[in-house]
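Good morning, and thank you for coming. I would like to take you through a few places in one structure, beginning with a single residue and ending with the pockets.

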Amino acid sequence: MEVIIAKDYETLSRQAATIIAAQIIGRPDSVLGLATGSTPVGTYKHLVALYREGIIDFSRVKTFNLDEYYGVAPDNPCSYRWFMEENLFKHINILPENTYIPNGLAQDTAAECREYEEKIHRAGGIDLQLLGIGGNGHIGFNEPSDNFQSATHLVDLDPQTIEANSRFFASPDQVPRQALSMGIKSIMAARRIILLANGKAKARAVYEMIRGPITPELPASVLQLHPQAAVIIDQEAAALL
């Protein structure tokens, strides 16, 4: 696991965008795994800027998002489809049919999860997966558990996750209690992984991820086993290292 400590969030975001841009330039038909939440917003802004400057072209890129709230429609401003459209997709030349996000309204969630895995497989697998990390060490919506969930699945969200995500909703009561999420096996199958973390609130999770034991009780710790995983953090998130 490579650890890169950036001086601040802006530098972190620029470094992550540079790595993703290099991936696209080197392979124009790259398959990217994308994340939501506040941490990758800066990275997406830099990618949009690089696209507008003519440095990168998304016309052949395919993307698969990590997760989506269960029971939330794609046109809901709190959905991850909405997030991706507002922060990245509508600002670049990616084809809508090449952007994949789990269907949060699927009646048969098991079938939806199987189909999502099949879509990733048909696309040739994920070349580069972008991740954030929760305060409890989750990646995607893989919450602390007694086992590593393998494939895309329906998740019961941890109370800490619900509380952390309540800032995006009018009240904590409106935060969905479940989500569809890629599993640990799905994430670890990516050829390359970049995890981003910023701020003091992530320092403990970052420390445990890098220096602690590999355990499903802190899901991000499994990245220690990935041969091409890079962690890009700011100085506050690195405070305990």
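Asparagine 65 counts as buried, because its relative accessibility is 0%, and the cut-off for buried is under 20%. Please keep in mind that the model before you is predicted. Asparagine 65 is located in strand E3. What does asparagine 65 touch, not counting residues up to four places away in sequence? Its contacts are Leu34, Ala35, Thr36, Met84, Phe89, Tyr100, Ile101, Pro102, Tyr116 and Met182.

One of those contacts, Met84, leads us to helix H3, which spans residues 80-87. Which residues of helix H3 are buried? They are Tyr80, Arg81, Phe83 and Met84. These residues lie on the same side of H3, because they cover an arc of only 160° around the axis. The elements that cover the buried residues of H3 include strand E2 (31-34), helix H2 (41-52), strand E3 (62-65), strand E4 (67-69), strand E5 (99-100) and H5.

I turn now to the pockets. Rolling a probe the size of a water molecule over the atoms shows where empty space is left. The largest pocket has a volume of about 510 Å³. Its lining consists of 27 residues, and those nearest the centre are Ile133, Gly134, His138, Asn165 and Lys202. By type, the lining of the largest pocket has 10 nonpolar, 14 polar and 3 charged residues. Which helix supplies the largest share of this lining? It is helix H5, residues 159-165, with 4 residues.

H4 gives the most, with 3 residues. The lining of the second largest pocket divides into 5 nonpolar, 4 polar and 3 charged residues.

Thank you for your attention.

Definitions and conventions: Residues numbered from 1 in each chain as written. Predicted model: local features only at pLDDT ≥ 70, side-chain atom pairs only at ≥ 80, totals over all residues. Heavy atoms only, no water. 1 Å grid on protein atoms, 1.4 Å probe; cavity = no way out; pocket = protein on both sides within 12 Å on 5 of 7 lines; lining within 4 Å. Points joined across faces, edges and corners; volume = space filled by probe spheres on them. Helix = DSSP H or I, 4+ residues; strand = E, 2+ residues; numbered from the N terminus. Nonpolar A, V, L, I, M, F, W, Y, C, P; charged D, E, K, R; others polar. Buried < 20%, exposed > 50% of the residue type's maximum accessible area, 1.4 Å probe, protein only. Arc of directions from axis to C-beta. Contact = heavy atoms within 4.5 Å.
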